[in-house]
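Biologist: Hi, I have a model open here and would like a tour of it. Could you walk me through it, chain by chain?

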Amino acid sequence: MAATVKYDEVTAGQEIPAVEFPVHRVNLVMYAGASGDFNPIHWNERFAKSVGLPDVIAHGMFTMAQGGRFVTDWAGDPAAVVDYGVRFSSMVVVPDDDNGAVITVSGVIEEKLEDKRVVVVLTARSGDSRVLSKARAVVQLS
Amino acid sequence: MALNRDFVGRAYTAPVPYEVSRVKIKEFAAAIGDANPIYSDREAAAAAGHPDVVAPPTFPIVFSLAGAGEALSDPGLGLNFAMVVHGEQRFEYQRPIYAGDELICTSTITEIRSVGRNEFLTVRSDVSTIEGEPVCRTYNTIVERGGAA
């Protein structure tokens with residue numbers, strides 16, 4: 001197993017270009033089924049509004065998974081992610097229309113560690129909100 | 001209602017090992033919209049040097065709270081699920097998860113604290129194979145909105 005990105009070819013401060021990940025209601029239904037998280041705030045608008053939310057919101061873990069996808073696509077190997085943590089700082093509101101929502105993820109190589117590992121700090125936005133904070137992955141490069 | 005601090009330190013082990021299947025990894029990858037063949041195609045995984053298909057980095061969320069679920073739904077804890085949102089999550093890997101792994105997960109409630117009007121509860125889950133090989137450790141913090149009010 002090996003990442004396609006080589007440690008010697010990256011530098012601290014290097015940016016990883018943004019990628020947009022669209023989210024529609026069906027994605028949340030699929031994620032509920034696959035993850036086992038059937039909290040109705042992720043699929044039932046009537047319920048979400050009754051508990052004070054603006055609308056149905058994406059699972060935080062769905063958003064985190066898009067950040068993970070961003071990192072694994074960049075690194076070239078899913079197994080290269082050895083540590084990945086986030087704080088959910090804002091909700092991704094997913095309206096029931098043709099547009100849904102978009103999560104935009106970008107990254108910066110914050111630090112080069114020992115053993116050909118790097119720290120990638122992620123920024124994830126949806127609309128005007130920063131939806132992840134302290135989003136950080138340690139990635140094993142080649 | 002404030003959460004019952006007596007639950008801090010309680011540990012729960014899932015009653016049966018979690019069997020990681022190719023089908024579940026494929027389903028999870030499809031649900032997050034990730035078409036990487038290393039998640040669904042054994043030959044692609046083998047070509048990348050893996051013994052079998054690999055689970056995506058956030059996959060342990062599927063099974064890591066199974067043990068703690070019992071604690072979180074205990075009326076004695078006082079958690080109102082309708083007001084729960086996810087606060088923080090982290091996965092620390094000792095090695096990747098592969099299809100065919102049989103995993104034991106022990107979850108411990110490590111902290112309950114109030115921040116403003118909200119209650120924060122953190123569960124750490126230690127995941128190893130049934131042979132005892134450490135695989136990963138996960139940290140899950142949930143927020144009960146208004147719980148501390």
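Modeller: Chain A has three helices and five strands, where helices (H or I, at least four residues) and strands (E, at least two) are DSSP runs numbered from the N terminus. This is a predicted model, in which local features need pLDDT of at least 70 and side-chain atom pairs count only at pLDDT 80 or more, while totals for chains, interfaces and linings use all residues. Residues are numbered from 1 along each chain as its sequence is written, with chains lettered from A and ligands numbered from 1 in the order in which they are written.

Biologist: Thanks! In what order do the elements of chain A run from the N terminus on?

Modeller: The order in chain A is β-α-α-α-β-β-β-β. Along its principal axes, the C-alpha trace of chain A spans about 50 × 30 × 25 Å.

Biologist: What share of the residues in chain A is buried?

Modeller: Of the 142 residues in chain A, 42% are buried. Buried here means that 20 or more other C-beta atoms lie within 10 Å of the residue's own; with 12 or fewer a residue is exposed, in between it is partly exposed, and C-beta atoms are placed from the backbone.

Biologist: Let's look at the strands. Which strand of chain A does S1(A) run antiparallel to?

Modeller: S1(A), residues 15-23, is joined to S3(A), residues 101-112, by seven bridges. Two strands count as paired if DSSP finds at least two bridges between them. One bridge pair there is Val19(A) with Val105(A).

Biologist: And how many bridges link S3(A) and S4(A)?

Modeller: Eight, again in the antiparallel sense, with S4(A) covering residues 117-126. Ser106(A) has Thr123(A) in S4(A) as its bridge partner. S3(A) and S4(A) form a hairpin with four residues between them, and in the turn Asp115(A) has a positive phi of about 55 degrees.

Biologist: Switching to helices: is H3(A) buried or exposed, for the most part?

Modeller: 14 of the 16 residues of H3(A) are buried, so the helix is largely enclosed by the rest of the structure.

Biologist: What span should H3(A) have?

Modeller: At 1.5 Å a residue, the 16 residues of H3(A), 60-75, should span 22 Å, and the end C-alpha atoms are 23 Å apart, which agrees. The expected span is 1.5 Å times one less than the number of residues. Just after H3(A) comes Gly76(A), with a positive phi of about 90 degrees.

Biologist: Which residues touch the most other members of the largest nonpolar core?

Modeller: Val92(A), Val139(A) and Ile25(B) do, in a core of 69 residues. H3(A) provides the largest share of this core, seven residues. Such a core is a set of buried Ala, Val, Leu, Ile, Met, Phe, Trp, Tyr and Cys residues joined through C-beta atoms within 7 Å. Apart from it lies another core of 11 residues, among them Tyr12(B) and Leu79(B).

Biologist: What does Val139(A) touch?

Modeller: Leaving out residues up to four places away in sequence, the residues that Val139(A) touches include Val71(A), Ala75(A) and Val120(A). Two residues are in contact if their C-beta atoms, placed from the backbone, lie within 7 Å.

Biologist: Over to chain B. How many helices and strands are there?

Modeller: Chain B has three helices and six strands, in the pattern β-β-α-α-α-β-β-β-β along the sequence. The C-alpha atoms of chain B fill a box of roughly 55 × 30 × 20 Å along the principal axes, and 40% of the 149 residues of chain B count as buried.

Biologist: How many residues does each chain bring to the contact?

Modeller: Chain B brings 30 residues and chain A brings 31. On the side of chain B that touches chain A, S3(B) gives the most, with eight residues. By class, that side of chain B has 17 nonpolar, eight polar and five charged residues. Here Ala, Val, Leu, Ile, Met, Phe, Trp, Tyr, Cys and Pro count as nonpolar, Asp, Glu, Lys and Arg as charged, and the others, Gly among them, as polar.

Biologist: Which strand of chain A is joined to S3(B)?

Modeller: S2(A), residues 81-88, is joined to S3(B) by five bridges, and the two run antiparallel. Asp83(A) stands opposite Glu92(B) there.
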